[in-house]
Structure formats: C-alpha cells, structure tokens
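Take a walk through this protein model, one stop at a time. Keep the structure open and find each residue as it is named.

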Amino acid sequence: MLDPITIVANLETAGFTHLVWIPDSHIGTWEPSLGKSRLAPIRVAREGEAVGLAAGLMLGGARPLVAIQCTGFFEAGDAVRNIAHDLKLPLKLIIGVRSWTAHLLGKSSDNCPRFAEKLIQAWDIPHTLLDPTEATPEQLAVALRGLVGNPGPAAILWAE
C-alpha cells in the first residue's frame, strides 16, 4: 500500500510544481505530507476551477497536477475539454475513482466507477489505472513518468 509520504515524494520527483486539488476521499490523506513538501498545494472550491487554475499555471511556465475525485471530474468536463482540446495544454490529472474496489466486488451501487473510465475515454485522454492499495512505489513512479512523459493531456485513475 502506498502511504502519503511516498506518494508526495513521487509527485515531487516527477517534477510537478503545484498540486491543484480538492482533498477528498483517499487524496485528502496526502495533506499532512504536502505541508512538508516542495509542492505548492492550491485548494480550490470547484473542480472546473482547478482545471482553469492549472491552465493559468501552465501558461505561466509551471507544471501543475490536478487531483480531484471522479464526480468532480464529471462536473469539470467543459473545462477539461477546453483546456485539453481547444487550448491543447498538457493537462495532467489524478482522478480518484470513489468506490472502485467495492464496485469490482459487486458491493457498491455507486455509479462513479462505472462512468469514470468511459468519460476519460470520451474526452480522448490517455490514462492508466492505479490501485494504491496494491501498487508499489516503483509502479507509482512508472505511472507518474507516463503521465509527465505524455506531451498532451493525460490522467491516472486512482482507485479508491
């Protein structure tokens, strides 16, 4: 299982300058480790705002990462479309997929897992799925290198 210290250290190593986020579910557990990191965490009120703020940071030369939950990704769809496809900015996302594990076991009626991957595919955003309860630090590093190495928008679907 990946712990918050390892996750934040890997985000730093990947070269992100800012984490634009809404600390929800599993992603919210990173907050204490972020306080001790080089990353500049920026908390926003809405997910569409996170995407717009990340666009401004990219235009200013920063390398932000947006971390939001799947339902927030659904809400931010128009901002994602505009930033990724109209402006062609290399938007990088970690999308927490709430109830993923319970969904796989047939123990959740939450439809977020059912739609998260379909929606990221609909937006033509390359993505990988990472389960932090099973992933090793090296697997996280590989996923982040893939995210950073993609010249366009890309995402990690973060199983919760």
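Thr6 is in contact with Pro137 and Leu140, leaving aside its neighbours within four places in sequence. Contact here means heavy atoms within 4.5 Å. Thr6 itself lies in helix H1, residues 4-13. Helices (H or I, at least four residues) and strands (E, at least two) are DSSP runs, numbered from the N terminus. Is Thr6 buried or exposed? Thr6 counts as buried, because its relative accessibility is 19%. The cut-offs are these: buried means under 20% relative accessible area, exposed over 50%, and partly exposed in between, with a 1.4 Å probe and protein chains only.

A word on the model before we go on. This is a predicted model, in which local features need pLDDT of at least 70, side-chain atom pairs count only at pLDDT 80 or more, and totals for chains, interfaces and linings use all residues. Residues are numbered from 1 along each chain as its sequence is written, and side-chain values use heavy atoms, with hydrogens and water left out. The term pLDDT is the predictor's confidence in each residue, from 0 to 100. The protein chain averages a pLDDT of 95. In the chain, 100% of the residues score at least 70. Confidence is lowest in helix H6 (residues 100-104), with a mean of 90. It is highest in helix H8 (residues 137-149), at 98.

Now back to H1, and to its partner H8. Two packed helices are described by the angle between their axes and the distance between the axes. The axes of H1 and H8 come within 10 Å and cross at roughly 35°. Axes are lines fitted to C-alpha atoms, for helices over the stretch in contact, and angles run from 0 to 180 degrees between N-to-C directions. Which residues meet? From H1 come Thr6, Ile7, Asn10 and Leu11. From H8 come Pro137, Leu140, Ala141 and Leu144. By class, this contact has six nonpolar, two polar and no charged residues. Ala, Val, Leu, Ile, Met, Phe, Trp, Tyr, Cys and Pro count as nonpolar, Asp, Glu, Lys and Arg as charged, and the others, Gly among them, as polar.

Next, look for a covalent link. A search of the whole structure finds one disulfide, which is a pair of cysteine sulfur atoms within 2.5 Å. Cys70 and Cys112 form it, with their sulfur atoms 1.5 Å apart. Cys70 lies in helix H4 (residues 70-75) and Cys112 in helix H7 (residues 112-122), so the pair ties together parts that are 42 residues apart in sequence. Cys70 counts as buried, at 0% relative accessibility. Cys112 is also buried, at 0%.

Move on to the loops. Val44 is found in the loop between strand S2 (40-43) and helix H3 (47-59). Val44 counts as buried because its relative accessibility is 10%. Val44 and Val20 are 24 residues apart along the chain, yet their C-alpha atoms are separated by 7.1 Å. Not counting residues up to four places away in sequence, Val44 touches Val20, Trp21, Ile22, Glu49, Ala50 and Leu53.

Lys88 lies between helix H5 (77-86) and strand S4 (92-97). Lys88 is not a glycine, yet its phi is positive, about 55°. Lys88 is exposed, with a relative accessible area of 64%. Asp124 lies in the loop between H7 and strand S5 (127-130). Phi of Asp124 is near 55°, a positive value in a residue other than glycine. Asp124 counts as exposed, at 59% relative accessibility.
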